[in-house]
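Please look at the sequence and the structure shown here, and keep both in view while reading the report that follows.

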Amino acid sequence: MSLAPSIAVPRTRFNPLPFYIGLFCLLWSFAFVAGKIGVTHCPPLILLAARFSLAGILILGISAFQRDGWAISWRDAAMFAVLGIANNALYLGLGYTGLQSVSAGLGGLVVSANPVFTAALAALFLGEGMTWRKASGLLLGVVGVTFIVWHRLSVGTDSFHGIVFTLASLASIVVGTILFKLFAPKGSLWLGNGIQNMAAGIVLTPVALTFSDVHAIQFTPGLIGAFAFLVLGGSILAYLLWFHLLKVCGATVASSYHFLMPPLGMLFAFLVLGEHVEARDLLGIIPVALGIYLVTRPARA
């Protein structure tokens with residue numbers, strides 16, 4: 001009896017990009033909740049200075065035991081340090097100051113406008129194409145986020161002073177995103193992330209000790225848990241994923257995933273902090289989801 005020759009079926013290669021995107025969105029959106037918990041028990045600048053310093057020490061310490069762990073030029077190291085000031089010290093320093101007087105959900109909403117400004121600057125400085133499809137998707141994202149923000153502000157529970165700090169935080173991360181793509185520092189993203197954290201910690205520590213009261217720190221289980229998540233999940237893992245997405249997807253597409261932060265941030269704020277969420281808030285998710293699809297959908301050949 002003859003056997004039919006077996007036909008080799010090619011295996012489909014696993015694409016980890018959707019997993020990276022999902023994990024990044026979860027970590028980034030939950031960081032607003034962890035930050036809100038942290039600033040209720042610790043002055044924001046002290047919390048961030050300790051967070052960045054510890055994350056930098058951990059990353060650079062591990063790099064010291066890796067072969068070729070320090071293979072990076074002075075130019076690239078300096079560029080990563082500048083990015084650390086923009087993406088870490090300024091972005092989160094201003095954002096956490098705002099979180100003292102705004103809800104975690106609204107903080108995530110304001111920062112989620114990142115894709116709009118990033119796309120505009122990317123078209124000007126990076127030469128990234130702005131098609132009608134992308135422009136329509138970004139506009140839908142803005143409409144959805146604006147709808148949610150307008151409704152949240154109408155409740156009157158968030159401070160205008162805190163919103164100003166959050167807007168300044170938004171400007172910082174937009175500039176940091178463009179700088180990363182414009183100067184494209186080479187070398188390990190792991191080591192670059194460590195340099196960014198150390199630079200942010202060095203810049204923020206004297207400021208925090210000057211303008212914050214160390215005695216105001218309340219060492220509670222909530223603060224310890226939030227701090228551990230912010231160091232490991234936020235400063236280390238989330239930032240590694242963010243810069244990887246910037247390299248792989250481009251500034252406009254990677255930033256468009258920030259439109260997912262409002263619904264996810266509100267969900268986590270509701271589950272963990274008990275922040276109120278109404279059905280009208282959730283209506284904004286529809287144009288947000290459609291906008292992300294239009295921005296990230298591959299163009300037809």
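## The largest cavity

Helix H3 supplies the largest share of the lining of the largest cavity, namely five residues; helices here are DSSP runs of H or I with at least four residues, strands are runs of E with at least two, and both are numbered from the N terminus. A cavity is defined on a 1 Å grid over the protein atoms alone, as a set of points where a 1.4 Å probe fits but cannot get out, and its lining residues have an atom within 4 Å of a point. The model is a predicted one, in which local features need pLDDT of at least 70 and side-chain atom pairs count only at pLDDT 80 or more, while totals for chains, interfaces and linings use all residues. Residues are numbered from 1 along each chain as its sequence is written, and side-chain values use heavy atoms, with hydrogens and water left out.

The count comes to one cavity of 30 Å³ or more, and the largest cavity has a volume of about 180 Å³, where grid points are joined across faces, edges and corners and the volume is the space filled by probe spheres set on the points. Its lining is made of 17 residues, and those nearest its centre are Ala-31, Phe-32, Tyr-91, Leu-92 and Tyr-96. At least two lining residues come from each of H1 (17-41), H3 (74-99), H4 (104-111), H7 (160-183) and H9 (221-249). By type, the lining divides into 11 nonpolar, five polar and one charged residue, where Ala, Val, Leu, Ile, Met, Phe, Trp, Tyr, Cys and Pro count as nonpolar, Asp, Glu, Lys and Arg as charged, and the others, Gly among them, as polar.

## The chain as a whole

The protein chain has 13 helices and zero strands. Of its 301 residues, 49% count as buried, a word that means under 20% relative accessible area, whereas exposed means over 50% and partly exposed lies in between (1.4 Å probe, protein chains only). Among the contacts in the chain with a separation of 6 or more, 93% join residues 24 or more positions apart, a contact being heavy atoms within 4.5 Å.

## A buried glutamine and a loop valine

Gln-196 lies in helix H8 (residues 189-211), and it counts as buried because its relative accessibility is 1%. Apart from neighbours within four places in sequence, Gln-196 is in contact with Phe-80, Leu-83, Gly-84, Asn-87, Asn-88 and Phe-243.

Val-214, by contrast, is placed in the loop between H8 and H9, and counts as partly exposed because its relative accessibility is 45%. Val-214 and Pro-43 are 171 residues apart in sequence, yet their C-alpha atoms are 7.8 Å apart in space. If residues up to four places away in sequence are not counted, Val-214 touches Ile-46 and Leu-209.

## Charges and cysteines

Side chains of opposite charge can pair when their charged atoms come close. The structure holds one salt bridge, which is a side-chain nitrogen of Lys or Arg within 4 Å of a carboxyl oxygen of Asp or Glu. Asp-76 forms this bridge with Arg-75, and the closest N and O atoms are 2.9 Å apart. Asp-76 is buried, with a relative accessible area of 8%, whereas Arg-75 is partly exposed at 45%.

A search of the whole structure finds zero disulfides, a disulfide being a pair of cysteine sulfur atoms within 2.5 Å. Cys-25 is buried, with a relative accessible area of 3%, and Cys-42 also counts as buried, at 7% relative accessibility.

Technical notes:
On a 1 Å grid over the protein atoms alone, a cavity is a set of points where a 1.4 Å probe fits but cannot get out, and a pocket is an open set with protein on both sides within 12 Å along at least five of seven lines; lining residues have an atom within 4 Å of a point.
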